[in-house]
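Have the viewer ready and follow along.

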Amino acid sequence: MTAQTRTLPDVADTEAFGAALATTLRAGDVVILDGPLGAGKTALTRGIAAGLGVQGRVSSPTFIIARLHRPATAGCPGLVHVDAYRLTDSAIPLDEELDALDLDTDLADSVVVVEWGEGVAERLVSRYLMIRLRRAPESEVREVTWEWVDSAEESS
């Protein structure tokens, strides 16, 4: 799939984009979010959560690293919201930290969204959705670029 780009004028548009995107996601999908502080990664995740119809308030999981949001409706996927920012700064090897989070188990029943996940979460699956968010300085306007990436094709 070719990368697509859209301008999101404000936070509400970022959340609405996430909700629309959620209709295309299934249990087992991994979404990697890239962007600087304030780019809208958590706002986008709130939208995805709303679109999936999961339980609980979505906030940045910075200090707990991963938060599970259970589905409100049986048979629908849950959401695992991960903040990988601190994983790359740890003295523990990255593979060990990912194993400790046990995200492989969650993939069976959930969509996994990983903030700061580039270079980290690709190891979880062979195909993932890469989303890059950029925000203009002193503005609420964001630009989002997204594409499905097949890591098998990337490595060949």
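R132 and D34 meet through their side chains in a salt bridge, at 3.2 Å from N to O; the term stands for a side-chain nitrogen of Lys or Arg within 4 Å of a carboxyl oxygen of Asp or Glu. The two residues come from distant parts of the chain, 98 residues apart: R132 sits in strand 6 (residues 127-135) and D34 in strand 2 (residues 30-34). Strands here are DSSP runs of E with at least two residues, while helices are runs of H or I with at least four, both numbered from the N terminus.

Through shared partners, the salt bridges join D34, R132 and R134 into one network.

How accessible are the members? D34 counts as buried because its relative accessible area is 18%. R132, at 29%, is partly exposed, and so is R134, at 39%.

## About the model

This is a predicted model, in which local features need pLDDT of at least 70 and side-chain atom pairs count only at pLDDT 80 or more, whereas totals for chains, interfaces and linings use all residues. Residues are numbered from 1 along each chain as its sequence is written, and side-chain values use heavy atoms, leaving out hydrogens and water.

In total, the structure holds 4 salt bridges. One of them pairs E15 with R46, with 2.7 Å between the closest N and O atoms. This pair, too, links distant parts of the chain: E15 lies in helix 1 (residues 11-22) and R46 in helix 2 (residues 41-52), 31 residues apart.

Both ends are partly exposed: E15 has a relative accessible area of 26%, and R46 has 33%. As a general point, side chains of opposite charge can pair when their charged atoms come close.

## A buried histidine

Where is H81 placed? H81 is in strand 4 (residues 78-83). H81 counts as buried because its relative accessibility is 0%.

The side chain of H81 makes a polar contact of 2.6 Å with that of E115. Such a contact is a pair of N or O atoms within 3.5 Å; within protein, one must be able to donate a hydrogen and the other to accept it, and residues adjacent in sequence count only if both atoms are side-chain atoms.

Methods
Buried means under 20% relative accessible area, exposed over 50%, partly exposed in between (1.4 Å probe, protein chains only).
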